[in-house]
Amino acid sequence: MNSDTLKLLEKCDAGTKTAVNSIKSVLDDIDNTELLTMLSRSLEEHEAIGNEIGDLLSAQGEKGADPGPAARLMSWMKINFKLMEKPGNKTVANLMYDGCSMGVKQLSEYLNEYREADEKSRRLAERLIREEQQLLDNLKNYL
């Protein structure tokens, strides 16, 4: 595994973990069945992609990457404070929309930065971008 492949997989691994944690943290605040179903489906897809990334990393003796403590704390604070201030589906949609937008941007940057990553890793990153973009598009209906 070359260094670009490893770095891309680690960035995607941290991204999927961030997305999974964020989605899980808002599910109890949703009272719209369609929104709940959409986010639950996206959660499953993020977990599946994360598992594939983890398997690739494990096969190389790598542990993967967790989001940094500062990033986890900032995400937790933003989600919880926003939902305390204004609970509801629209707030959840706004929070998830912002996260997806950031995910698409960062993952696209990583694909450009780690150009020598192997094809399988690049396909996983592209799949993750597509999932984030699809969720982003679907969330527009709840803003």
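How much accessible surface does the protein have, and what share of it belongs to carbon and sulfur atoms? The accessible surface comes to about 8,100 Å², and 49% of it belongs to carbon and sulfur atoms. The model on display is predicted.

**The whole chain**

Begin with the entire protein in a cartoon view. Five helices and zero strands are present, and from the N terminus on the elements run α-α-α-α-α. The radius of gyration is 15 Å, close to the 15 Å that the globule rule gives for 143 residues, so the protein is as compact as a globular protein of that length. When the view is turned along the principal axes, the C-alpha trace spans about 45 × 30 × 25 Å. Of the 143 residues, 38% count as buried. Among contacts between residues at least 6 apart in sequence, 79% join residues at least 24 apart.

**Helix 1 and its N-terminal end**

Next, select residues 3-26, which form helix 1. This helix has 24 residues and reaches 35 Å from its first C-alpha to its last, close to the 34 Å expected at 1.5 Å a residue. Then display Asn2, which caps the N-terminal end of helix 1. A side-chain oxygen of Asn2 lies 3.0 Å from the backbone nitrogen of Asp4.

**Thr5**

Remain in helix 1 and select Thr5, which lies there. Is Thr5 buried or exposed? Thr5 has a relative accessible area of 0%, and therefore is buried.

**The largest nonpolar core**

Move on to Val26, Ile30, Leu39, Val92, Met96 and Leu139. Of the 19 residues in the largest nonpolar core, these touch the most other members. The elements that give two or more residues to this core are helix 1 (3-26), helix 2 (33-59), helix 3 (69-85), helix 4 (89-113) and helix 5 (119-139). Helix 4 provides the largest share, five residues.

Which residues does Leu39 touch, not counting those up to four places away in sequence? Select Ile23, Val26, Leu27, Ile30, Val92, Met96 and Leu135 to display these contacts of Leu39.

Finally, select Cys12, Ile53, Ala117 and Leu124. These are among the 17 residues of another core, which lies apart from the largest one.

Methods
Residues numbered from 1 in each chain as written. Predicted model: local features only at pLDDT ≥ 70, side-chain atom pairs only at ≥ 80, totals over all residues. Heavy atoms only, no water. Core = buried A, V, L, I, M, F, W, Y, C linked by side-chain atoms within 4.5 Å. Buried < 20%, exposed > 50% of the residue type's maximum accessible area, 1.4 Å probe, protein only. Helix = DSSP H or I, 4+ residues; strand = E, 2+ residues; numbered from the N terminus. Contact = heavy atoms within 4.5 Å. Expected span 1.5 Å × (residues − 1). Polar contact = N/O pair within 3.5 Å; in protein donor to acceptor, adjacent residues only side chain to side chain. Rg over C-alpha atoms; globule rule 2.2 N^0.38 Å. Areas by Shrake-Rupley, 256 points an atom, 1.4 Å probe, with all protein chains shown as cover.
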